[in-house]
Amino acid sequence: MSHKILVIGAGLGGLAAAIRLARAGHAVEVWEKNGEPGGKLKELRIDSFSWGTGPSLLTMPHVLRELFASAGERMEDHLDLVRLDSACRYFWTDGTIIDEDAAFWSQPEVAKFLKYARGIYELSGEAYLNHPPGDFWRAFTPGNWPKLRHLGKVATTRTLAAEVERRISDPHLRQIFLRFATYNGSSPYRTPATFNIIPYVEAEFGAWYVRGGMVKIAEALTALAQHNGVTFRFNTTAIDWNGSEATAHDGFRSQADFLVCNGDLLSAQNGFLSGIYSTQARVKALRPDLSTSGFILFLGVRGCDPRLGHHNIFFSDHYLNEFTEIHQKGLNPSEPTIYISVSSRTNPDHAPEGHDNYFVLVNAPARGPRYPWGKSQAQAYRNVVLKRLGQFGFDDLPGRIVAERIFTASDFAARDLAYHGSLYGWASHSIRTSLFRPPLRAPGTKNVFFTGGTTHPGGGIPLVLLSGKMVADLIQRETA
């Protein structure tokens, strides 16, 4: 039987669910608050410069490939993926520079750590990445029982940082592996050691870029959805859901048998879906720590500095203090770790000849509407970031900036309805908030589901695509 499915939000998780449900024969309609699809995965253009505004790296490309295959298409006919030789170039103020390339992964201490991390993936990867928590048991068939030898690596109270410090002695290598906790907006000093799975995934499946920009993923999936009959309504914000009908800000209404929310789950619970949650449930959902937000500088820069690769990290000298300031004090880090993506190294047309496009990202605390970023505060912190880069020998950078825009937590909240500007909802600072994130199905309902980085299994391109797959499977069970 065909059912009407309404998807709120055209991020990658919503697009993945829409494609799969349309292929299953359902009538699928997508509402998107903004004027274009992609969620956080968008493109910014200033003069002859362009930047991606969201995820800048793709791992586990087989997840994306399988989504295209589920719609009878080859990913390679729609997207040109480039595997980067170095996933990232790391810098320290003592002059050390390390590339995360094949030679890096083959170092004895690193290779030994990957063997440990592989055990986490073998035991938990299938369950966590392909099933909702209530269905984890489905992954443990008799053929998988030998993998239980890795149980001690998962069933531990150690933090990611504690496990890294046990297994890696070199201080520079340690800091590289601590950084992987930031992939889901968390502190390595509070995140469970299970998340040491992340570097294994990056090493095993590679770090990829999409020729033309990461936004091409959103464009290709939107076209694929439309080809399969999905209809889109842009510039449409949902303001109410009564169980069978959604109402938009402009009065437009749409009836649906199932609703899939691809927006920020915490914002939705306190917004257009507040009617299906008790006050107690809404308050309880807001108790865990929030993940980080981001402070972003989009910089058009004169000159092409040979020291930079496609992805670059400039580490803080006081890493623990950085996360203490963010997660415990709610402060912008005084000595931030700085990420710079320069996509013009792989896509020269993203900047004019003789120039580069810097996407500069600093982890920053989520902050509510009572403490918005003001223009003067954003400008002052911009100067902190540039001054810090000067300590790595980039002291001439301010004079080479020819185009610029600043993006803060307040902008994430306004553009994406991200709760307090948090990028991933809950921070993964406990077993509960790591393995049992807000569920894919709204508790107490049969027809309201969630996809995206604020629900299971978490943030990042492959994980939000998998959330869309799981939701489509759950709806198919209901309609079978």
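**View 1. Two cavities of 30 Å³ or more sit in this predicted model.** A cavity here is a set of points on a 1 Å grid over the protein atoms alone where a 1.4 Å probe fits but cannot get out. The largest cavity comes to about 170 Å³, with volume taken as the space filled by probe spheres set on the points, which are joined across faces, edges and corners. This is a predicted model, where local features need pLDDT of at least 70 and side-chain atom pairs count only at pLDDT 80 or more, while totals for chains, interfaces and linings use all residues. Residues are numbered from 1 along each chain as its sequence is written, and side-chain values use heavy atoms, with hydrogens and water left out.

**View 2. Here's what lines the largest cavity.** Its lining has 20 residues, and Trp 51, Gly 52, Ser 56, Met 214 and Ser 343 lie nearest the centre; lining residues have an atom within 4 Å of a point. By class, seven are nonpolar, 11 polar and two charged, with Gly counted among the polar ones.

**View 3. An open three-stranded sheet runs in the order β10-β11-β12, with antiparallel pairing.** Pairing takes at least two DSSP bridges between strands. At the edges, β10 (238-241) and β12 (253-255) each pair on one side only. Three bridges tie β10 to β11 (residues 245-248), and Asp 240 has Thr 247 of β11 as its bridge partner.

Notes:
Helix = DSSP H or I, 4+ residues; strand = E, 2+ residues; numbered from the N terminus. 1 Å grid on protein atoms, 1.4 Å probe; cavity = no way out; pocket = protein on both sides within 12 Å on 5 of 7 lines; lining within 4 Å.
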